[in-house]
Amino acid sequence: MAVTGLRVVPTKGYLLELKRRIEIIKEGYRLLSMKRDELTAKLTNFLEQLKAVRRGVLERVEQVLIRFREAYALLGPDVIKAHASLNRGVFEVDILPLSIMGILVPRVKVLREAEVEDKYGYIIREQIYELRELLRDLIKIAELEMKIEIISSDLERTNRIVNALEKIIIPEMEQLARYIAELIEEESLEEFTRIKLIRDLIVTRRGE
Amino acid sequence: METYLIMRTHAMATRLIPPQTIIQLAFAKSLKDVVSLLALTEYREYIDKIEELSARSLYKAIKKVMINRFGKLIDIATGKFKEFLIEYFRIFEIENILMVLGKKAVGETISEEELTHIPSLPFDYQRLLKAKDLEQAMKVLKETPPYNTIREEIVKTVLKLKTILPIEYELHRIRYERLFKLLRRYEFITVKESISRILGLEIDILNIFNVLATVIYNFTPEIVLQMIIPNGLLLDPKKLEKVALSKRKTEIIRLLKDYRDIVEQIMNRKEVEAYTLAQKEIRRRFIKDRITNFTTFYDVLLYIKMCEYEFRDLSLIIHAIEYNIPRERVQAELINVP
């Protein structure tokens, strides 16, 4: 038998135990298939989200950078420098674990970021506002990419297990169970025949 | 002495870069091309001293030209004209003060060499530079004339929010009030009204950018109202207050209908374009109100403005080459071209 690691004893008790195991494995297979389907759905969803955000961001990065350069060129390095220093060290994030079907993925929580409100004068505030929005999107992209990477690696593992269960382990165990059942049946038939022969022998002797 | 100042300014104005050269510069492919075009102008003397050509070194050179032009004007002017010019050039003093305060707000230091110095401007930066934090710097500033009229509530807002924006508007308010005071005190006879109109227009522009921040960037109305500068040309503080408290776009445009184009650009978060439009409007008004060529003190102020715009345009061109900004966009943002 190909099911390795199992000491096959062709007994009724072993067959019952084997059938119980097969039931458990099938239940596990069912749960893992559900997990695989759910992970696939989540992954597709994240990929779509990433595609949408990335498409928007790529266009925005170009726009924001051109506008920032324009503002820099218009106001000159001195004014930009004076305001840029006010923003130093104001960005802070926390990375929290988020469970999706038991898999831990990161969720980025922005704790502190550049505040435009009541702080900056014209042109500068527009640049800071745009750059802040862009940074939020870049964080969103990084978060989605990380989620996709973790989920896809887990999905790959789950898929391998599900396939192994579906294509190898369950069929082999069922085959083994069938083999044992046949063996037991053969044995019991043999036993029955043997008993019948013995009974016939005893009856014949008594008749003498 | 007024005639001498005007005549000298007239002579100096002939050295301004003509609009067609500015356009040529805007389409220059490299900084070397800019240098070869500028070598035919007053800038040659300063460009020759550049050891390594870069946007930064070129920017410093053109800034030096502008500062020297303004320094020369103060040297030539006497009496009430000198007094007025000193007040007018306080705009650079304000820029320097804001730079220092910005650094103090984040606990950084700045050297005096990094500041823009116009000779004859009396402000002593040493005490301000030595202040250990923003609070002390504000205290020093409040003790230094003419900035001792800074309002207490502004100081409180600055220290509470750790921002230099309210003080920026407060310093502008002080500067404009002093300029208007000088206009009232001395008789600049024929040009008094024209100068008031230009200053009023500048104030209106500053106020528009300020009050619209409540609508677009959620600025706190109380803070914005504190920063309104009086003496605007077409917008009085009451109207501006209504704009700051209004939430409806149509009402805002109706209230600010005289500056509709600028307001629409700001509302669309296109402040670079709005700024350029505003400066072009100031330039247009400056030229429109001119009586005849170089006969009054008004022409001196016009020359100053043209120098300022020339500097801004050249700075834009230099940095546009450095950062590869499309030339068509640069051309649209040039101020000193018709």
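A charge is said to sit over a ring if NZ of Lys or CZ of Arg is within 6 Å of the ring centre and within 35 degrees of the ring normal. With that rule in mind, select B:Arg269 and B:Tyr217: the charged end of B:Arg269 sits over the ring of B:Tyr217, 5.2 Å from its centre.

Before going further, note that this is a predicted model, in which local features need pLDDT of at least 70 and side-chain atom pairs count only at pLDDT 80 or more, while totals for chains, interfaces and linings use all residues. Residues are numbered from 1 along each chain as its sequence is written, chains are lettered from A and ligands numbered from 1 in the order in which they are written, and side-chain values use heavy atoms, with hydrogens and water left out. The predictor's confidence in each residue, pLDDT, runs from 0 to 100; chain B has a mean of 89, and 98% of its residues reach 70 or more. The scores of the model are ipTM 0.82 and pTM 0.81.

**The loop at B:Arg269**

Stay on B:Arg269, which is found in the loop between helix H16 (260-267) and helix H17 (271-288) of chain B. Helices are DSSP runs (H or I, at least four residues), numbered from the N terminus. Although B:Arg269 is not a glycine, its phi is positive, about 55°. Its relative accessible area of 25% makes it partly exposed, a class that lies between buried (under 20%) and exposed (over 50%), with a 1.4 Å probe and protein chains only.

**The interface with chain A**

Next, display both chains. Contact means heavy atoms within 4.5 Å, and 41 residues of chain B are in contact with 30 residues of chain A. About 3,500 Å² is buried between them, 57% of it from carbon and sulfur atoms; this is the accessible area (1.4 Å probe) that two parts lose on being put together, summed over both. On the chain B side, select B:Tyr217, B:Val272 and B:Tyr323, which lose the most area to chain A, together 15% of what that side buries.

Now select A:Arg125. Its charged end sits over the ring of B:Phe219, 5.8 Å from the centre. A:Arg125 also forms a salt bridge with B:Glu271, the closest N and O atoms being 3.0 Å apart.

In chain A, move to helix H2 (residues 77-84), whose buried residues are A:Pro77, A:Asp78, A:Ile80, A:Ala82 and A:His83. Among the elements that cover them are helix H1 (12-75) of chain A and H18 of chain B.

**Aromatic pairs in chain B**

Rings of Phe, Tyr and Trp (its six-membered ring) pair if their centres lie within 6.5 Å; planes under 30 degrees apart count as stacked, over 60 as edge-to-face and the rest as tilted. The structure holds 16 such pairs over all chains. Select B:Tyr59 and B:Phe311, a tilted pair with 5.6 Å centre to centre and 45° between the planes. B:Tyr59 lies in helix H5 (residues 55-76) and B:Phe311 in helix H18 (residues 297-322), so the pair ties together parts that are 252 residues apart in sequence. B:Tyr59 is buried at 4% relative accessible area, and B:Phe311 is buried at 7%.

**Last stop**

Finally, select B:Pro145 and B:Pro146, which are joined by a cis peptide bond with omega about 5°. B:Pro146 belongs to the loop between H9 and H10 of chain B.

Notes: Helices (H or I, at least four residues) and strands (E, at least two) are DSSP runs, numbered from the N terminus. A salt bridge is a side-chain nitrogen of Lys or Arg within 4 Å of a carboxyl oxygen of Asp or Glu.
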